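Here is a short briefing for a reader who is meeting this structure for the first time. Please look through the sequence and the model before reading the points that follow.

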Amino acid sequence: MSDSVQLTEWHEKAVATARAAGKRIAAAAAGELQINEETHHDLKIQLDVDTQNFIEAELLGMFPDHHILGEEGGSGNDGKGVEWIVDPIDGTVNLAYGIPHYCVSIACRVEGELVLGVIFDPGRDECFEAYRGGGARCNGQAIRVSPRTELQQAILSLGFSKTRESVEKCLDLYVHYARNARKLRAMGSAALDMAYVAAGRIDGYIEQGISIWDIAAGRVLIEEAGGTIVLTEQPGREKFHVKAWNGKVDLPLV
Ligand code: IPD
């Protein structure tokens with residue numbers, strides 16, 4: 001099988017799996033949610049675990065020699081072979097509080113190179129997807145990052161991560177960018193922030209201390225939509241500070 005045929009097959013399976021997982025999440029969100037763990041800035045829910053298990057069964061059922069690296073399990077394969085990088089629910093706290101802004105995020109990495117990304121928002125039935133060299137789309141329509149160049153016309157989303165340190169740093173960024181950008185947002189889903197950058201709805205997204213599963217699919221989307229992403233490695237397995245934007249607005253502070 002040629003590489004492009006293989007990539008198309010993986011991509012189609014990723015889209016179908018993200019959509020199916022999203023529908024299950026939306027149905028379950030209408031009922032009682034089981035909270036497994038609570039910290040000051042985060043919640044872990046059983047639905048995250050159940051969704052990860054569903055996605056893992058779907059992907060490994062079809063591709064048994066692949067590996068899973070996910071927020072709720074799977075340790076990947078150290079960047080070797082084919083790894084699926086999964087955040088079953090990105091925006092868990094939103095979901096747990098009844099805010100319909102969360103998504104499923106699935107990316108695929110081959111020998112350390114990200115080759116496809118899918119982000120599905122079940123609340124709006126929006127599926128953002130891209131594969132290397134194929135451009136990026138939302139529900140089948142091509143998307144591009146925004147053309148804006150001026151910070152004073154830009155909308156930025158800043159992510160408040162889970163540690164005290166990253167929250168403090170984000171507050172510093174808020175003070176600076178609230179004064180200089182048109183608007184700031186804190187929407188609670190890193191993956192959807194990145195999908196929105198790819199779609200040109202917002203101009204940039206910045207967060208300190210984010211994990212690979214929050215940003216892997218978004219990275220492919222943004223790069224295929226003409227944007228830029230800068231990752232600065234942090235201590236911990238595949239942890240980063242991230243600046244993801246249209247590549248045109250000047251964002252000196254990160
Ligand atoms: C979180 C969300 C949130 C971001 C956090 C992430 P999760 O992911 O993306 O917006 O600020 O840093 O950890 O826990 O909902 O999958």
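Gly200, whose phi is positive, near 75°, follows helix α5, where helices (H or I, at least four residues) and strands (E, at least two) are DSSP runs numbered from the N terminus. This is a predicted model, in which local features need pLDDT of at least 70, side-chain atom pairs count only at pLDDT 80 or more, and totals for chains, interfaces and linings use all residues. Residues are numbered from 1 along each chain as its sequence is written, and side-chain values use heavy atoms, with hydrogens and water left out.

**Helix α5**
- Helix α5, residues 190-198, is mostly covered, as 9 of its 9 residues are buried (under 20% relative accessible area with a 1.4 Å probe, protein chains only).
- Among the buried residues of α5 are Leu192, Asp193, Met194 and Tyr196.

**Lys13**
- Lys13 is found in helix α1, which covers residues 3-29, and Lys13 is buried, with a relative accessible area of 15%.
- Leaving aside residues up to four places away in sequence, Lys13 touches Glu58, Leu59, Met62 and Phe63, a contact being heavy atoms within 4.5 Å.

**The largest pocket**
- About 910 Å³ of space lies in the largest pocket, and this volume is the space filled by probe spheres set on grid points that are joined across faces, edges and corners.
- A pocket is an open set of points on a 1 Å grid over the protein atoms alone, where a 1.4 Å probe fits and protein lies on both sides within 12 Å along at least five of seven lines, and lining residues have an atom within 4 Å of a point.
- The largest pocket is lined by 41 residues, of which Phe160, Ser161, Lys162, Glu207 and Ile210 lie nearest its centre.
- Strand β13, residues 204-211, gives the largest share of this lining, 5 residues.

Notes:
Buried < 20%, exposed > 50% of the residue type's maximum accessible area, 1.4 Å probe, protein only.
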